[in-house]
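Please keep the sequence and the structure in view while reading.

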Amino acid sequence: MRNAFILVAFVAGALVPIQAGLNIQLRKVLGDPVQASFISFLVGTLALGVYSLAARHTWPSLTEMASTPLWLWTGGLMGAAFVTATILVGPKLGAASMTAFMLMGQLVASVVLDHYALVGYPEHPVSWARMAGVALLALGAWMIKAF
């Protein structure tokens, strides 16, 4: 089962530069990166809504939603910032460099989140091997940009 999750993560990662490229093209049509991000999120929201209705998922009550801590709602803001950033930096850095540096940011944040068991992740203490992996990815990101 773990291999299936690894495959899903790999495919999802492969979709990032494709999504960015499509959104960059949408920006050219619309003329604004925030509008392109909005359309991207609108289409995604509609797709998820249709899926949820088709799968007959139950929805929490308004009371349950109102009692949710405010900070839990910020994931959508982070997603919007991420998509908008890909639209802005993709044409300047190219797909490979953009993805490498975004992956670098994701990995550094992930090591911190794991080490301190933040935002629901299980504790996974930092180690020299993990730090070596981060350093190797940093070197790889630099090599992709430099060459």
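In which helix does Ser-37 lie? Ser-37 belongs to helix H2, which spans residues 33-54.

## Basis of the report

The model is a predicted one, in which local features need pLDDT of at least 70 and side-chain atom pairs count only at pLDDT 80 or more, while totals for chains, interfaces and linings use all residues. Residues are numbered from 1 along each chain as its sequence is written, and side-chain values use heavy atoms, with hydrogens and water left out.

## Overall architecture

The protein has five helices and zero strands, and its elements run α-α-α-α-α from the N terminus on. Helices (H or I, at least four residues) and strands (E, at least two) are DSSP runs, numbered from the N terminus. Along the principal axes, the C-alpha atoms fill a box of roughly 50 × 45 × 30 Å.

Of the 147 residues, 16% count as buried; buried means under 20% relative accessible area, exposed over 50%, and partly exposed in between, with a 1.4 Å probe and protein chains only. Among contacts (heavy atoms within 4.5 Å) with a separation of 6 or more, 56% join residues 24 or more positions apart.

## Packing of H1 against H4

Two packed helices are described by the angle between their axes and the distance between the axes. The axes of H1 and H4 come within 9 Å and cross at roughly 115 degrees. Such axes are lines fitted to C-alpha atoms, for helices over the stretch in contact, and angles run from 0 to 180 degrees between N-to-C directions. The crossing of H1 and H4 is left-handed, a term used if the near helix is turned anticlockwise from the far one by less than a right angle, with right-handed for clockwise.

On the H1 side, the residues that meet H4 include Val-16, Pro-17, Asn-23 and Arg-27. Their partners in H4 include Phe-82, Val-83, Ile-87, Pro-91 and Met-98. The residues of this contact divide into 11 nonpolar, five polar and one charged. Here Ala, Val, Leu, Ile, Met, Phe, Trp, Tyr, Cys and Pro count as nonpolar, Asp, Glu, Lys and Arg as charged, and the others, Gly among them, as polar.

## Pockets

The largest pocket has a volume of about 450 Å³. A pocket is an open set of points on a 1 Å grid over the protein atoms alone where a 1.4 Å probe fits, with protein on both sides within 12 Å along at least five of seven lines; lining residues have an atom within 4 Å of a point. Grid points are joined across faces, edges and corners, and a volume is the space filled by probe spheres set on the points. The lining of the largest pocket comprises 14 residues, of which Ala-12, Gly-13, Val-16, Phe-82 and Gln-106 lie nearest its centre. Helix H1 (2-30) and helix H4 (75-116) are the elements that give two or more residues to this lining. H4 gives the most, with eight residues. By class, the lining holds eight nonpolar, six polar and no charged residues.

The second largest pocket holds about 250 Å³ of space. Among the residues that line this pocket are Leu-107, Asp-114, Tyr-121, Arg-130 and Val-134. H4 and helix H5 (128-146) each supply at least two residues of the lining, and H4 gives the most, with five. The lining divides into six nonpolar, one polar and two charged residues.

## Individual helix residues

Ser-37 counts as buried because its relative accessibility is 4%. Leaving aside residues up to four places away in sequence, Ser-37 touches Ala-80, Val-83, Thr-84 and Ile-87. Ser-97 lies in helix H4 and, at 5% relative accessibility, is likewise buried. With the same exclusion, Ser-97 touches Ile-144 and Lys-145. Ser-97 and Leu-72 are 25 residues apart in sequence and 31 Å apart in space, C-alpha to C-alpha.

Leu-30 lies in helix H1 and counts as partly exposed, since its relative accessibility is 36%.

## Loop residues with positive phi

Most residues other than glycine have a negative phi. Arg-56, in the loop between H2 and helix H3 (62-66), has a positive phi of about 55 degrees although it is not a glycine. Arg-56 counts as exposed because its relative accessibility is 73%.

Val-119 is found in the loop between H4 and H5, and its phi is positive, near 45 degrees. With a relative accessible area of 55%, Val-119 is exposed.
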